[in-house]
Amino acid sequence: MDVLVIGAGAVGLTTAISLAEAGLSVTIRTAALPAQTTSVAAGAVWGAVKVGPPDRVLEWGRVGLEVLSKLAAEPGTGVRLAAGREVSRAPLEPYYWAGLLTDLRDCEESELPDGFTGGWHYTAPLATMPVYLDYLRGRFERAGGTLEVSPVASLAGLAGAAPVIVNCSGAAAHDLVPDPAVVPVRGQVVIAANPGIEEFLINRDPEPPWIVYMFPHGDTILLGGTNDEGNWDTDPKPEVAMRIVAGCTALEPRLRGVEILGHRVGLRPWRPEVRLESEPFGDGVLWHNYGHGGAGISMAWGCAAEITKAVLG
């Protein structure tokens, strides 16, 4: 084994794929299978949300946008290019990374929900996470990778396990490293039958811990959500689900009386800045790759490419 990757969410799987496809022997150790990780609860549209630092995020995001856009053209990946809107009742300033979106434009008045004064319309990659995670796992295994469900109790106990170890433990890095700068941002979402909605919609108005968004995925639609910092609870709360559906229905009347199919909760691993750096570890090297906030899917390919280049170099 050349590389041991800790974690099988989107960041861990993507990193492992990049290293395995470069010809290295890679094993993933994870506390949970990909479909049980935080990543499965993601929306998941490309964007640099709750992630830093800006200078590195721009490059990671550019790579992610390029790779995900290519995957959208391949069947079975769970990724498609989707059009949608971000709207607000107050003036909106464009994100610093909005220039990466080639078709970003102001919403026309007819595209705004009642009471809203501004917003943007754009196209971006959108992933149906259960399908996307299944695709990533299959791609990793086709590259010769091995996935082991075996929780890691401490990083120190991994010394000598492989010449290169990559820590993609997400919110768990808070205790595993330990890194007190990592804060869980609890996200609860509702999966509902899609009444015919084709474009995603994000309301930029609500204050934490609330956020309102909807991401259609064919016959289903993912409704959100929450931005609850410091909350480690992964059990869905019925009262939160009711508020999510009510908030989304207020923006999109077609959701009234919609059939609820399921609930998901994930813990976004927020950190003031992504920790992407290496340190000596026994006779080898330990890479850290965590703290991607709400942008793990978007940043994963760029971060993975950076690590792979360094490991091979």
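**Labels and the values behind them**

Guide: Let's start with Lys-50: its relative accessibility is 26%, so Lys-50 counts as partly exposed. Keep in mind as we go that this is a predicted model.

Visitor: What is the phi of Lys-50?

Guide: Positive, about 55 degrees, although Lys-50 is not a glycine. As background, most residues other than glycine have a negative phi.

Visitor: Which peptide bonds here are cis?

Guide: One of them runs from Gly-52 to Pro-53, with omega near 5 degrees. Another goes from Pro-208 to Pro-209, again with omega near 5 degrees. In general, most peptide bonds are trans. Pro-53 is in the loop between strand E2 (26-30) and helix H2 (54-71), while Pro-209 is in the loop between E9 and strand E10 (210-217).

Visitor: Is Pro-53 buried or exposed, and how do you know?

Guide: Its relative accessible area is 9%, and the cut-off for buried is under 20%, so Pro-53 is buried. Leaving out residues up to four places away in sequence, Pro-53 touches Glu-273 and Val-274. Pro-53 and Arg-275 are 222 residues apart in sequence, yet their C-alpha atoms are 9.7 Å apart in space.

Visitor: Over to the rings. Why is the pair of Tyr-95 and Trp-120 called tilted?

Guide: Two checks. The ring centres are 5.8 Å apart, and a pair needs them within 6.5 Å, so Tyr-95 and Trp-120 do pair. The planes stand at 50 degrees; under 30 would be stacked and over 60 edge-to-face, so tilted is what remains.

Visitor: Where in the chain do the two partners sit?

Guide: Tyr-95 is in the loop between strand E3 (79-88) and strand E4 (105-106), and Trp-120 is in strand E5 (residues 118-127). They are 25 residues apart, and the pair links distant parts of the chain.

Visitor: How do the accessibility labels of Tyr-95 and Trp-120 come out?

Guide: Tyr-95 has 23%, which falls between the 20% and 50% limits, so it is partly exposed. Trp-120 has 6%, under the 20% limit, so it is buried.

Visitor: What makes Tyr-213 and Phe-215 a tilted pair?

Guide: Centre to centre they are 5.4 Å apart, within the 6.5 Å limit, and their planes make 45 degrees, which lies between 30 and 60; therefore the pair is tilted. Both Tyr-213 and Phe-215 are buried.

Visitor: How many aromatic pairs are there by this rule?

Guide: The count comes to 7. Ring pairs also link Trp-46, Tyr-95, Trp-97 and Trp-120 into a cluster.

Visitor: How do you know that Phe-200 is buried?

Guide: Its relative accessibility is 0%, under the 20% cut-off, so Phe-200 counts as buried. Phe-200 is in strand E9 (residues 200-203), and its contacts beyond four places in sequence include Val-45, Tyr-122, Met-214 and Phe-215.

Visitor: And why does Ile-197 get the label "buried"?

Guide: With a relative accessible area of 5%, Ile-197 is under 20%, so it is buried. Ile-197 lies in the loop between strand E8 (183-193) and E9. Its C-alpha is 6.4 Å from that of Pro-216, 19 residues away along the chain, and Pro-216 is among the residues Ile-197 touches.

Visitor: Which residues have the most contacts inside the largest nonpolar core?

Guide: Val-5, Val-26, Tyr-132 and Val-166, in a core of 61 residues. H1 gives the largest share of this core, 7 residues. A second, separate core has 20 residues, including Cys-107 and Leu-255.

Visitor: How do H1 and H6 pack?

Guide: Helix H1 (residues 10-21) and helix H6 (residues 296-312) pack at about 35 degrees, with axes 8 Å apart. H1 passes H6 in a right-handed crossing. By class, their contact has 11 nonpolar, 5 polar and no charged residues.

Conventions: Residues are numbered from 1 along each chain as its sequence is written. This is a predicted model: local features need pLDDT of at least 70, side-chain atom pairs count only at pLDDT 80 or more; totals for chains, interfaces and linings use all residues. Side-chain values use heavy atoms; hydrogens and water are left out. Axes are lines fitted to C-alpha atoms, for helices over the stretch in contact, and angles run from 0 to 180 degrees between N-to-C directions. Helices (H or I, at least four residues) and strands (E, at least two) are DSSP runs, numbered from the N terminus. A crossing is left-handed if the near helix is turned anticlockwise from the far one by less than a right angle, and right-handed if clockwise. Ala, Val, Leu, Ile, Met, Phe, Trp, Tyr, Cys and Pro count as nonpolar, Asp, Glu, Lys and Arg as charged, and the others, Gly among them, as polar. Rings of Phe, Tyr and Trp (its six-membered ring) pair if their centres lie within 6.5 Å; planes under 30 degrees apart count as stacked, over 60 as edge-to-face and the rest as tilted. Buried means under 20% relative accessible area, exposed over 50%, partly exposed in between (1.4 Å probe, protein chains only). A nonpolar core is a set of buried Ala, Val, Leu, Ile, Met, Phe, Trp, Tyr and Cys residues joined through side-chain atoms within 4.5 Å. Contact means heavy atoms within 4.5 Å.
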